[in-house]
Amino acid sequence: MRINIKYFGQIAEVTQKEEESLEFSGIFVSDLLNSLFSTYSELKNTSFKVAQNQELISNTTKVTGAEIALLPPFSGG
Amino acid sequence: MQSKKPKNVFQQGAISSDFIGNSIFKHQTKTSIGAHNIFLGQVRADVIDGKTVSAIEYTAYEDMANKKFHEIRESAFEKFDLTCMHIYHSLGTVKAGEICLFVFVSSPRRKVVFEALEFIVEAIKAETPVFGKEIFEDESHQWKINS
């Protein structure tokens, strides 16, 4: 399936882009991360959380095709 | 003053003292209020490895952040007897000494506003996807992490 991924903060510095659309053939968030790690190896050393449909999710959550975002540590305020 | 749809909490650049003063002024017609409490987050000129922070550049996952701000707002109204509550957060560049977060709570009674304000500010820091890039005087940068 085709999914859209958004990158923020230092994650966007690693990927050198703020979003992209890519073809995903796995099932879980962990599958998606493995595929991103092979494209952006530096992501492995970067701390982040994953949101799907604007809610935080874990590595064992199924990817539904809704909007995915990689979020570095929050630092508002 | 509860609203059903998430409002836009973000403002471009620093939050001015005029804006804050005017917000206080606007509440003078709401005479059931007996106590206001205000939190102002100010950009601190931290010195890190000999370099001074001159500004913070804020970005956010705006849709999710506005949704989270809305959830925090709803749970604050559920937990505390508040008359009204306002949150404003900066996006873009805010220089050291300028205000980047303005939280304003009002209630008939004072004890409520002290507790509510702390609850709200802590929730904002922990739950909203906002990202601060600390810009140093030499234009290098590092990413801020909330402690």
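Q: Before we start, what counts as a helix or a strand here?
A: Helices (H or I, at least four residues) and strands (E, at least two) are taken as DSSP runs and numbered from the N terminus; the model itself is a predicted one.

Q: OK, so how many helices and strands does chain B have, and what pattern do they follow?
A: Chain B has three helices and eight strands, which, read along the sequence, come in the pattern β-α-β-β-β-α-β-β-α-β-β. Its radius of gyration is 16 Å, close to the 15 Å from the globule rule for 147 residues, so chain B is as compact as a globular protein of that length.

Q: And what share of chain B is buried?
A: Buried residues account for 47% of the 147 residues in chain B.

Q: Switching to charges, how many salt bridges are there over all chains?
A: The count over all chains is nine. One of them joins A:K6 to A:E19, with the closest N and O atoms 3.8 Å apart; this pair links strand β1 of chain A to strand β2 of chain A, 13 residues apart.

Q: Which residue of chain B does A:E55 pair with?
A: A:E55 forms a salt bridge with B:K67, the closest N and O atoms being 3.6 Å apart, and the pair crosses from strand β4 of chain A to helix α2 of chain B.

Q: Are those two buried or partly exposed?
A: A:E55 is partly exposed, with a relative accessible area of 31%, and B:K67 is partly exposed at 25%.

Terms used
Residues numbered from 1 in each chain as written. Chains lettered and ligands numbered in written order. Predicted model: local features only at pLDDT ≥ 70, side-chain atom pairs only at ≥ 80, totals over all residues. Heavy atoms only, no water. Rg over C-alpha atoms; globule rule 2.2 N^0.38 Å. Buried < 20%, exposed > 50% of the residue type's maximum accessible area, 1.4 Å probe, protein only. Salt bridge = Lys/Arg side-chain N within 4 Å of Asp/Glu carboxyl O.
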